[in-house]
Amino acid sequence: MPTQTTTHTSLHTPIPWHILGAGSMGALWAARLSRAGFAVRLILRNQARLQAYEAAQGLTLVEGENCVLLPIAAQTPEADEPIARLLVACKAYDAETAVAQVAHRLTPDAEIILLQNGLGSQQAIATRLPHARCIFASSTEGAFREGDWRVVFAGHGHNWLGDPQPGAAPAWLEELQRSGISHEWSQNILSRLWRKLAINCAINPLTVLHNCRNGGLKAHRLEVDALCTELSTLLESCAQPEAAFNLNDEVHRIIDATEHNYASMHQDVAQGRRTEISYLTGYANHAAISLQLAVPHLQHLHQRLCAHLLHRGLPCN
Ligand code: NAP
């Protein structure tokens, strides 16, 4: 595997981007950062995955008609290189364990960028690593794996990054700019993540239960509305009034705008992949329980979804 060379010049030694997980999002970030000349190291699960990656000679990014093979350096969690900047690109259910495997390599001032959907995994990592700066991200970009180490950039979008603790925007945002990664610093990233979680809770599970595209939910308007009402109350009770604002209207706008699409959770279930349910409806229900807030529709939705997943042989956590 050729070692990554960088064209990035700086008065300071450039800090490499360690990217934990080389799936869809990990590859998408790695490819763009590496193409722009920044030092990137992929951290793969184990020696077997590293050997498979080396046999493929790098990551392939497919973008429209273009397809580029990038020989990005890779390592396992056991490598001894210190990590000062870690982008966590695993699924929410893998993120905490994966970070724990490299925790001993983090520098005292390490920054960790968490790309996970939903809520819960980010807080678990921040609690486990109180000395690291944990930056939460919310992305509307879309990518999928066409095969191992081959990722298709399917939907251009935007990334919001923010620190739930007060703090200035990091200087490395400029590296995202130079890599063509559309982004902005969010002063209220939790609100953004809660809003996305609520939209996901109102749409994704119902598309699984009714086995339909997003547009199919137009035939289940009352069910969607009942969920939006409970989710809005929950968001307000969690001190996230901005995330609650006009939720119902936005959910219906999204259903209309994406009527021909299958939701990501629907695709996961259809392909027999584990879902991130614990970090979506599971998280929302736990929040309601801890506030002693009654959310019967949301609770019933979570139970129905769990039963459906178990019936299909998939985990319900
Ligand atoms: P993915 O394609 O399944 O990739 C996850 C990667 O994590 C896999 O490559 C997996 O390795 C790796 N991994 C898991 N445990 C690991 C460990 N202990 N050490 C090293 N690597 C490990 O998932 P994704 O679609 O990129 O999603 C990542 C997160 O981004 C999710 O929370 C998702 O909801 C969110 N997101 C995704 C998209 C999208 O379009 N894909 C958009 C917005 C947000 P193996 O290859 O060995 O299994």
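Which helices are included in what covers the buried residues of H11?

1. Basis of the note. This is a predicted model, in which local features need pLDDT of at least 70, side-chain atom pairs count only at pLDDT 80 or more, and totals for chains, interfaces and linings use all residues. Residues are numbered from 1 along each chain as its sequence is written, and side-chain values use heavy atoms, with hydrogens and water left out.

2. The cover of H11. The buried residues of H11 are covered by elements including helix H6 (189-209), helix H7 (221-237) and H12, where helices are DSSP runs (H or I, at least four residues) numbered from the N terminus. The buried residues of H11 include Thr281, Gly282, Ala284, Asn285, Ala287 and Ala288, buried meaning under 20% relative accessible area, exposed over 50% and partly exposed in between, with a 1.4 Å probe and protein chains only.

3. H11 against H12. Two packed helices are described by the angle between their axes and the distance between the axes. For helix H11 (residues 281-290) and helix H12 (residues 296-311), the axes come within 10 Å and cross at roughly 140 degrees; such axes are lines fitted to C-alpha atoms, for helices over the stretch in contact, and angles run from 0 to 180 degrees between N-to-C directions. H11 and H12 are therefore oblique to each other, given that angles under 35 degrees count as roughly parallel, over 145 as roughly antiparallel, 65 to 115 as roughly perpendicular and the rest as oblique. On the H11 side, Thr281, Gly282, Ala284 and Asn285 meet Leu298, Gln299, Leu301, His302 and Leu305 of H12, contact meaning heavy atoms within 4.5 Å. By class, the residues of this contact of H11 with H12 divide into 4 nonpolar, 5 polar and no charged; Ala, Val, Leu, Ile, Met, Phe, Trp, Tyr, Cys and Pro count as nonpolar, Asp, Glu, Lys and Arg as charged, and the others, Gly among them, as polar.

4. H11 against H6. H6 and H11 pack at an angle of about 115 degrees, with their axes 9 Å apart, and the two helices are therefore roughly perpendicular to each other. Trp194, Leu197, Cys201 and Pro205 of H6 make this contact with Thr281, Tyr283, Ala284 and Ala287 of H11. In the contact of H6 with H11 there are 7 nonpolar residues, 1 polar and no charged.

5. Positive phi values. Asn211, which is not a glycine, has a positive phi of about 45 degrees; Asn211 is found in the loop between H6 and H7 and is exposed, with a relative accessible area of 59%. Ala239, also not a glycine, has a positive phi of about 60 degrees; Ala239 is found in the loop between H7 and helix H8 (241-244) and is exposed, with a relative accessible area of 61%. Gln292, which follows H11, has a positive phi near 55 degrees.

6. Asp268. This residue, Asp268, lies in helix H10 (residues 264-270) and counts as buried at 11% relative accessibility. Not counting residues up to four places away in sequence, Asp268 touches Lys91, Arg273, Arg274 and Thr275.

7. Domains. The domain assignment gives domain 1 (17-187) and domain 2 (191-311), with bounds that come from an automatic or database domain assignment. The centres of domain 1 and domain 2, taken over C-alpha atoms, are separated by 26 Å, and 17 residues of domain 1 are in contact with 13 residues of domain 2.
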